[in-house]
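Good morning, and thank you for making time for this presentation.

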Amino acid sequence: MDIDSKLNILDIKSGDEASSSTQVQVDSKGTAEDKDELADSMNNLNVEASSSGQVGPAFRRKPVIIIVVGMAGSGKTTFLHRLVCHTQASRIRGYVLNLDPAVMTLPYGANIDIRDTVKYKEVMKQFNLGPNGGILTSLNLFATKFDEVIQTIENRADQLDYVLVDTPGQIEIFTWSASGAIITEAFASTFPTVVAYVVDTPRSSSPVTFMSNMLYACSILYKTRLPLVLAFNKIDVAQHQFALEWMDDFEAFQGAMRSDDSYMSTFSQSLSLALDEFYKNLRSVGVSAVSGAGMDAFFKAIEASAEEYMETYKADLDKRRAEKQRLEEEQQKRNMEKLRKDMENSGGTICCFEHWFKG
Ligand SMILES: Nc1nc2c(ncn2[C@@H]2O[C@H](COP(=O)(O)OP(=O)(O)OP(=O)(O)O)[C@@H](O)[C@H]2O)c(=O)[nH]1
């Protein structure tokens with residue numbers, strides 16, 4: 001190829017917006033002047049790429065996002081309905097998002113409903129999936145458009161105090177899927193975000209069941225890295241005092257297991273020691289989705305967690321984002337250096353660009 005010919009236009013979009021896109025026109029004559037020009041262009045490109053600043057939308061202090069998770073049947077949907085009733089009665093401005101594509105009917109009106117976007121049964125048919133695969137794929141599809149959901153909430157941010165998020169019945173579909181992580185991170189990078197873990201109190205009265213529930217909550221805390229509020233639900237059936245006692249004093253928990261010398265029992269006793277630190281970082285409230293007990297305490301715990309989010313979690317998030325951006329910039333610089341070398345070695349033929357893009 002004639003090196004005197006105009007080679008190409010490199011259009012690179014860096015950062016999140018097209019506004020930071022940079023056009024570099026390379027007129028490769030292979031002369032020293034051209035090389036200087038090329039170096040200048042690339043330096044400009046680097047500067048603009050790294051000065052693009054914050055990635056993603058600006059952070060807001062309101063509304064607080066409450067992601068409701070919990071084991072199947074723990075009462076998430078009923079609890080969310082109760083939260084909606086409470087917000088309406090207390091003139092708290094709420095917005096409701098349903099992320100369960102398989103739910104048949106909702107007792108509350110959702111402002112944004114995944115079912116309006118993705119037809120779960122169609123997904124199952126088209127991809128030949130079972131129920132869980134269908135829910136997971138529906139959530140994945142929805143996650144690809146989640147920036148629009150964030151944008152919708154951002155547009156209303158001034159008129160909202162809380163966004164209440166209902167999640168699929170099968171807890172692991174949300175907490176252990178890529179789409180669940182994408183959705184959680186999208187929320188947490190734009191608004192203060194708190195996870196409300198709903199516990200079925202009557203079913204957790206056995207120490208072993210209680211321990212497995214707490215281990216799950218612990219894994220969610222470490223996976224999401226967000227403040228977590230334990231909502232001991234159904235206290236109209238069984239009070240949650242026993243749980244508070246077990247969390248407060250591991251000897252009380254071990255005492256409850258003393259009569260049982262099975263492997264599970266001794267294992268749970270050892271775990272209770274390990275979880276002691278985890279319990280200290282939690283807020284726990286007793287609620288009843290049916291009677292409405294504990295709602296004020298729940299919102300107080302959410303407010304305190306949102307404060308904690310701003311003080312601790314947001315700083316951690318900013319640190320992680322800065323580190324991610326630093327690594328991306330380093331990678332970009334390496335790519336630029338590689339491009340510069342390729343251009344110099346080949347006298348600026350088109351193949352170097354191809355090589356760079358494939359690299
Ligand atoms: N007594 C009592 N029952 C409750 C309470 N909350 C929920 N329930 C009952 O628990 C059952 C399950 O409630 P759901 O709200 O469907 O639970 P869920 O976690 O959303 O269920 P999935 O989405 O299917 O996992 C229902 O029969 C509710 O009526 C409560 O506070 N007290």
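This is a predicted model: local features need pLDDT of at least 70, side-chain atom pairs count only at pLDDT 80 or more; totals for chains, interfaces and linings use all residues.

Residues are numbered from 1 along each chain as its sequence is written, and side-chain values use heavy atoms, with hydrogens and water left out.

Let us start with the ligand. Which residues are the closest to the ligand? They are Lys76, Thr77, Thr78, Asp236 and Ala289, out of 16 residues that surround the ligand. A residue is counted as near a molecule if one of its heavy atoms lies within 4 Å of it. By type, this shell holds five nonpolar, eight polar and three charged residues. In that division, Ala, Val, Leu, Ile, Met, Phe, Trp, Tyr, Cys and Pro count as nonpolar, Asp, Glu, Lys and Arg as charged, and the others, Gly among them, as polar. Helix H2, residues 76–89, gives the most to the shell, with three residues. Helices here are DSSP runs of H or I with at least four residues, strands are runs of E with at least two, and both are numbered from the N terminus.

Next come the polar contacts, meaning pairs of N or O atoms within 3.5 Å; within protein, one atom must be able to donate a hydrogen and the other to accept it, and residues adjacent in sequence count only if both atoms are side-chain atoms. Threonine 77 places a polar side-chain atom 2.8 Å from an oxygen atom of the ligand. Aspartate 236 has a polar side-chain atom 2.8 Å from a nitrogen atom of the ligand. For serine 288, an N or O atom of the side chain is 3.4 Å from a ligand oxygen atom. On its own, the ligand has 640 Å² of accessible area, and the protein covers 66% of it. Accessible areas come from the Shrake-Rupley method with a 1.4 Å probe, and for residues only the protein chains shown count as cover.

I turn to the aromatic rings. How many aromatic pairs does a search of the whole structure find? It finds 11. Rings of Phe, Tyr and Trp (its six-membered ring) pair if their centres lie within 6.5 Å; planes under 30 degrees apart count as stacked, over 60 as edge-to-face and the rest as tilted. The ring centres of phenylalanine 79 and phenylalanine 298 are 5.0 Å apart and their planes stand at 85 degrees, so this pair is edge-to-face. The pair links distant parts of the chain, 219 residues apart: phenylalanine 79 is in helix H2, and phenylalanine 298 is in helix H14, residues 295–346. Both phenylalanine 79 and phenylalanine 298 are buried. Buried means under 20% relative accessible area, exposed over 50%, and partly exposed in between, with a 1.4 Å probe and protein chains only.

Phenylalanine 142 and phenylalanine 146 form another pair: their ring centres are 6.0 Å apart and their planes are at 75 degrees, so the pair is edge-to-face. Phenylalanine 142 is buried at 4% relative accessible area, and phenylalanine 146 is buried at 2%. There is also an aromatic cluster, formed by Phe79, Tyr162, Phe298 and Phe299.

Now to the backbone. Most residues other than glycine have a negative phi. Asparagine 128, although not a glycine, has a positive phi of about 55 degrees. Asparagine 128 sits in the loop between helix H4 (120–126) and helix H5 (131–143), and at 71% relative accessibility it counts as exposed. Arginine 225 is not a glycine either, and has a positive phi of about 55 degrees. Its loop lies between helix H9 (207–224) and strand S8 (228–233). Is arginine 225 buried, exposed or partly exposed? At 41% relative accessibility, arginine 225 counts as partly exposed.

Valine 198 belongs to strand S7, residues 193–200, and is buried at 1% relative accessibility. Valine 198 and lysine 76 are 122 residues apart in sequence, yet their C-alpha atoms are 6.4 Å apart in space.

Finally, the annotation. An unreviewed UniProt entry gives residues 310–346 as a "coiled-coil region"; such positions follow the numbering used here, feature names are shortened, and annotations may be inferred rather than shown by experiment. Over residues 310–346 the chain is 100% helix and 0% strand, with the end C-alpha atoms 52 Å apart.

Thank you for your attention.
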